[in-house]
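I opened this notebook to keep a record of what I looked up, entry by entry. I began with confidence, then turned to one residue, and then to the place where two chains touch.

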Amino acid sequence: MIRVRRSAVIDAPIERVWAVLRDFNSHSAWHPAVGPSTIERGEAPDQVGCVRDFTLRDGNHIREQLLALSDRDHVSTYCILDATLPMRNYVATVQLKRVTDGDHTFWHWESTFDVPRGREREFEQLVGGQVYEGGFTGLAAFLRRGGRRNSLHAVDSQGVVATSFGGPDVLQLRRLDSPAPRSGEVRLRQTAIGVNYIDVYIRKGLYRMIEPPAPIGMEAAGVVVESNAPGFSPGDRVAYACPPPGAYVTMRTLPAAQLVLLPDHVDEETAAALMLKGMTAEYLLHRTHRVRPGDTVLVHAAAGGVGLLLCQWARALGARVVGTVSSEAKAELARANGCEHPIVTRTYSFADRTRQVSGGRGADVIYDGLGREAAQENLAALATRGHWVSYGQATGAPDPMNLSEKSGTLSQPVLFHYTLEYLHQMAGHVFAALRDGILKPEIRQRYPLAAAADAHRDLEARRTSGQIVLLV
Amino acid sequence: MIKVYTSCVIDGPADAVWAQVRDFNGLPQWTPFVAESRIEEGQPPDRIGCVRNFRLRDGGVIRERLLTLSDYDYQCSYSILESPLGVENYVATLKLTPVTEGNRTFAEWWAEFDCAPEREAELAEQIGQGVFQAAFDSLKKLVGR
């Protein structure tokens, strides 16, 4: 058990210091090591029992629960619930005392916890130095600033705009304004943008998420250039995947709540390729359905941007992975990425083979982005009591179907309903899987931003595999 | 019952400050207002229950009993047995806490006592500032860097 104790004197009355510290979610505003932070389940940040979910600037992710809060004694106690750091049994107490001589504040910060043997000194320095002493300095600076931030203005941007609904030719590069970040927003200089099939649907007007002319695109990565939000500073490397469309641009202003900080091991191109598709694989395999060792998993478009990630991750979870692809070359790629049984078919016929390789059982879970054209085969390929997860409709919306034939369960999940609540957990999980070599992005196509129309042509013609990024 | 609380930061290590204040018979060495002091019945000055009998520079005599003394917590407490102050049920505590930033000392001194209601403000000022803060100021000069 390690005990860490640090204390300092802050040149401000105790009431001012406590007003900040009693807010369990305030640390992203003043602590230099803390990135974005949210309180789970929408609870008040001074509610005992509330949980803060935050990212450290080094990329680590932590959930902490408020155990006690006394406004009379100026004491706050909390513990770590989960962390990507190897710390166990961490309980910390912050206590303030009034220095009547000069009206300053004495701040005592103390904790006990366990770490793997031999790493005690490293963690004593990390917690005592970067976390506690860094916090003393950060809060003192925050109070001196009085919370004020710089004045901000609109800047020039360029973006690829859908000038009307239609084919790839409607995409054109235009000059745009990037508005000044309002409270809670930041402005990014984007460096890499992810291309997704949803961009095609939006361009065609199948998903009415824009009114042309307007830029499209759902995900990108870049560097913060101006911040009007706690937890983000100029120079931070970040990424996002969220509506509304508008990611095919050079400069973007958006709410900080949508951003995640990139750990050092994740470059911006990888982040742009993985935010939407990696978090999609994350929720499909871990949240909509929890894949277990021995499950038979059927992945359509197994060599596609999401498909490859599903194959890699499902295989790492111990599943038997069956996938459909449109060519022999894609079958090879899928096989190399964990798909034990790739099925080459351009006519959506895969049910017999799926049952065959699973000893007649069928697929315990089907990840279906195809929709209408493959619906009958999917029902035939589904195991009894299987789970059919329809997360895309490349061939149109399926007709209603009789799932009682298999006692099947149908889910129609949408990524953004998951990121609404679990963004930082999901992104953290994806980055960890990337670090551990479970996810291996296959960025096989890179286009300049101005050539976004070419990217769409190739994607629609099934000429692409893996992830596609636009570079700024 | 009223409570008086005084605290300050002394620019010296807690060990050095504690070495001054842990001597229950040492008031003449570090406070500006005590002329002389002795421990009654020849007891050692760090024995719980011992009584110090001291004379102020203005002539008043005070007897106080040591109630607790902890070298681990840098803390001691005592009660007044007799004094010219006009207080009852007076218990005071002096506590030091290290300030790791700058290797300094956070010193706290508080007292709880009963007195005539019309004297509360006057006594709070006299004890909080005239005694505790004045003694702290003197400690800062003795131990401070």
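Entry one, confidence. I noted first that pLDDT is the predictor's confidence in each residue, on a scale from 0 to 100, and that what I have here is a predicted model. For chain A I found an average pLDDT of 92, with 98% of the residues scoring at least 70.

I located W18(A) in helix α1 of chain A, which covers residues 14-21. Is W18(A) buried or exposed? I count W18(A) as buried because 20 other C-beta atoms lie within 10 Å, and the cut-off for buried is 20 or more. Setting aside neighbours within four places in sequence, I found W18(A) in contact with H74(A) and L96(A). I also looked up Q95(A), which is 77 residues from W18(A) along the chain, and the separation of their C-alpha atoms is 9.3 Å.

I found 14 residues of chain A in contact with 14 residues of chain B. On the side of chain A that touches chain B, at least two residues each come from β1 (2-10), β6 (88-99), β7 (104-114) and α3 (120-145). The largest share, five residues, is supplied by β1(A). By type, I recorded five nonpolar, three polar and six charged residues on that side of chain A.

Technical notes: Residues numbered from 1 in each chain as written. Chains lettered and ligands numbered in written order. Predicted model: local features only at pLDDT ≥ 70, side-chain atom pairs only at ≥ 80, totals over all residues. Helix = DSSP H or I, 4+ residues; strand = E, 2+ residues; numbered from the N terminus. Buried ≥ 20, exposed ≤ 12 C-beta atoms within 10 Å, placed from the backbone. Contact = placed C-beta atoms within 7 Å. Nonpolar A, V, L, I, M, F, W, Y, C, P; charged D, E, K, R; others polar.
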